[in-house]
Amino acid sequence: MRIALVMAGGGGSRLWPASTPDRPKQFMALGDDASRTLIAAAVERAAAVAGPERTFLVTTADLAPAVRAAAPKIAPDHVIEEPGPRSTAPCVALALLHIVERLRRAGWSEGQIEATPLAVLPSDHHIGDEPRFAGLLAAACDCAASTRQVIVLGVTPTRPETGYGYIERDTGPAQVCRDLALYAALRFVEKPVLARAREFLASGRFLWNAGVTIATIGRLAEEYQRHTPALWSALLPVASALREGSPEHAAARAAAAYSATAPTSIDVAILEKLADLQVAASDVSWTDLGSWAAIREALPHDDHGNATHAQADARVHLLDSRDGLVWTDG
């Protein structure tokens, strides 16, 4: 058994005007099929690993209706609503409490819940080879379950990218698990300047941080209690309200906890503090669609390096143009 959690509350402000606060980038579609949005693709890859009945999403309350519409195969109550954006550490903690209570109500034992691997995924990335990526996630889940280690996904960089975060890995022999090469993760570096990015690429020790975390539910809960005791304690009343069958009280208690919580990423709050954190190295085709340059990279190019995205009834004419991007929604 595996559980998947898709984080779907980001704002995507760097892709304005195609991405707006009420319609952020996870609702964008790169291809001709408008229903094939980034979030729809993320849910599909999560469900391929965990099954749709064990796939959850977490998003802000104002985006929840759009998220449910974008993921019609996921049960509506599997879309967990957070009061507002507080980055990934509070988001995952709140979702973790909801997931545990739902599994308890479904008859899972405490031991079964704690031993089940959970894959936490972004909703706004582009994957070039979906089946291969799903296989990678499934293997990482199985490794986390058998070793009880926390695993993050790293992608071998192909250029000195300054818009991505990096993970430095140990240069010693890899721990091989389910055909995955796992290395000790030494440190996280967020969006280096170009000179450092070039050094990272040349060293061979650095991987792009794909924003994917895999751990058993029990291990992840332990690390929240150890490293973020104030956040965990503030959110525990949410679990009590859910156990009492009062979603309204749970929402109110989550709002109270969030009002006293500063935005913090799970990388900073938890992952950077783990002595045994493992990074799975992969060369899977992956793009963090955080800029228009990244959007251009993910789209097909013509013979002159131009990428075009347009609705089916729109005609685009490119004259004397090279290495450009044209994006039109109408």
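Predicted model: local features only at pLDDT ≥ 70, side-chain atom pairs only at ≥ 80, totals over all residues.
Q: What makes up the contact of α3 with α7, by residue class?
A: From α3, T88, A89, V92, A93, L96, I99, V100 and L103 meet I217, L220, A221 and Y224 of α7, and these residues divide into 11 nonpolar, one polar and no charged.

Q: Why is the pairing of D124 with K25 called a salt bridge, and what does the pair tie together?
A: The closest N and O atoms of D124 and K25 are 3.5 Å apart, and because the cut-off is 4 Å, the pair counts as a salt bridge. D124 lies in the loop between β4 and β5 and K25 in the loop between β1 and α1, so the pair ties together parts that are 99 residues apart in sequence. Both D124 and K25 are buried.

Q: How do you know whether E81 and R68, which form a salt bridge, are buried, partly exposed or exposed?
A: The closest N and O atoms of E81 and R68 are 3.1 Å apart, with E81 in strand β3 and R68 in helix α2. Relative accessibility is 35% for E81 and 28% for R68; because buried means under 20% and exposed over 50%, each of these residues counts as partly exposed.

How values were computed
Residues numbered from 1 in each chain as written. Heavy atoms only, no water. Contact = heavy atoms within 4.5 Å. Helix = DSSP H or I, 4+ residues; strand = E, 2+ residues; numbered from the N terminus. Nonpolar A, V, L, I, M, F, W, Y, C, P; charged D, E, K, R; others polar. Salt bridge = Lys/Arg side-chain N within 4 Å of Asp/Glu carboxyl O. Buried < 20%, exposed > 50% of the residue type's maximum accessible area, 1.4 Å probe, protein only.
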